[in-house]
Amino acid sequence: MQNAKIVAVANQKGGVGKTTSSVSLAVALARKKKRVLLVDSDPQGNASTGTGINIRDIKKHLYHSYTEETPLSAVFLTPDSKWKITVVPSSIDLAAAEMELFPREEREFVLKKLLDPIRQDFDYIIIDCPPSLGLLTVNSLTAADSVLIPMQCEYFAMEGLAQLVSTIRSVKKGLNKNLYIEGLLLTMFDKRNRLTFQVADEIKKHFGEQLFKTVIPRNVRLSECPSHGQSVIEYDIKSTGAKAYIKLANEFIKRQAA
Ligand SMILES: Nc1ncnc2c1ncn2[C@@H]1O[C@H](COP(=O)(O)OP(=O)(O)O)[C@@H](O)[C@H]1O
Ligand SMILES: [Mg+2]
């Protein structure tokens, strides 16, 4: 049995579409009969609630795995959705894990060690990172094979990107030498805005083939679906948002074969 590919969805900017992309890609891959684990590594728990998990009802989540060595398989949840994914939920407690990890030896390798024993059980493991470059994100990058970077086409996008790329570089140097950039994904693309195209051109110039050809449009269905505890693919499969993420999953799988 092959080991799962682990993809960290990261960008230290908030509100760029990390969670939306993690959940939608996870479900789009599950729809293609892939076995997918979604790890919610953000204390805000948006990926957990967005898949219909009521985080107030659960007793064990990623925090307990980080700090009490509870195996991930003991915190797995299967949301009640048509296309089955498995979720490692998180909650606000996870914010404390960063502090608690700090004095520990090998503190960057905790998530990697937690994922090792379950890698054979999945085809893809997708980690939704928090909007920071702190220890939770560093743990995700250390555990991952690749990083998927969602970004919004706005004026300061490139600045933040330089910082992220430099973090990826230092993780590569010291912690995970095989880490690579899976791709940059343009999200909330607004065709009516000229600046969008300028920023997209700039990103393309710098990153060329690393930019996914699939672009995620701004689509109200994508912002509505989390409050229904559903991915956009369940909520409205005909929407432009759902179609875009299904297309992204196809492009993503094709990249693995290339
Ligand atoms: N393509 C999109 N079109 C419209 N709204 C979107 C889109 N992608 C994300 N959103 C909304 O924007 C907000 C931020 O997205 P989110 O995925 O939570 O970002 P992040 O995880 O990077 O903070 C959320 O309210 C989400 O529903
Ligand atoms: Mg998020």
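This is a predicted model: local features need pLDDT of at least 70, side-chain atom pairs count only at pLDDT 80 or more; totals for chains, interfaces and linings use all residues.
Helix 1 itself contains 14 residues and extends 20 Å from its first C-alpha to its last, close to the 20 Å expected at 1.5 Å a residue. Because 14 of the 14 residues of helix 1 are buried, this helix is largely enclosed by the rest of the structure. Just after helix 1, a positive phi of about 65° is found at Lys 33.

The largest nonpolar core consists of 75 residues, and those with the most contacts inside it are Ala 26, Val 36, Leu 38, Ile 125, Ile 126 and Tyr 245. When residues up to four places away in sequence are left out of account, Leu 38 touches Ser 22, Val 23, Ala 26, Ala 47, Ile 85, Val 87, Ile 126 and Asp 128.

Helix 6 (residues 135-143) is likewise mostly covered, with 9 of its 9 residues buried. These buried residues, which include Leu 135, Val 138, Asn 139 and Leu 141, pack against both helices and strands: the helical partners are helix 4 (94-101), helix 5 (110-115) and helix 7 (157-174), while the strand partners are strand 1 (5-9), strand 4 (124-128) and strand 5 (146-152).

At the level of the whole chain, the protein contains 11 helices and 6 strands. Its radius of gyration is 17 Å, close to the 18 Å that the globule rule gives for 258 residues, and the protein is therefore as compact as a globular protein of that length. Along the principal axes, the C-alpha trace spans about 50 × 40 × 35 Å. Buried residues account for 46% of the 258 residues, and among contacts between residues at least 6 apart in sequence, 77% join residues that are at least 24 apart.

Definitions and conventions. Residues are numbered from 1 along each chain as its sequence is written. Chains are lettered from A and ligands numbered from 1 in the order in which they are written. Helices (H or I, at least four residues) and strands (E, at least two) are DSSP runs, numbered from the N terminus. The expected span of a helix is 1.5 Å times one less than its number of residues. A residue is buried if 20 or more other C-beta atoms lie within 10 Å of its own, exposed if 12 or fewer, and partly exposed in between; C-beta atoms are placed from the backbone. A nonpolar core is a set of buried Ala, Val, Leu, Ile, Met, Phe, Trp, Tyr and Cys residues joined through C-beta atoms within 7 Å. Two residues are in contact if their C-beta atoms, placed from the backbone, lie within 7 Å. The radius of gyration is taken over C-alpha atoms; the globule rule is 2.2 Å times the number of residues to the power 0.38.
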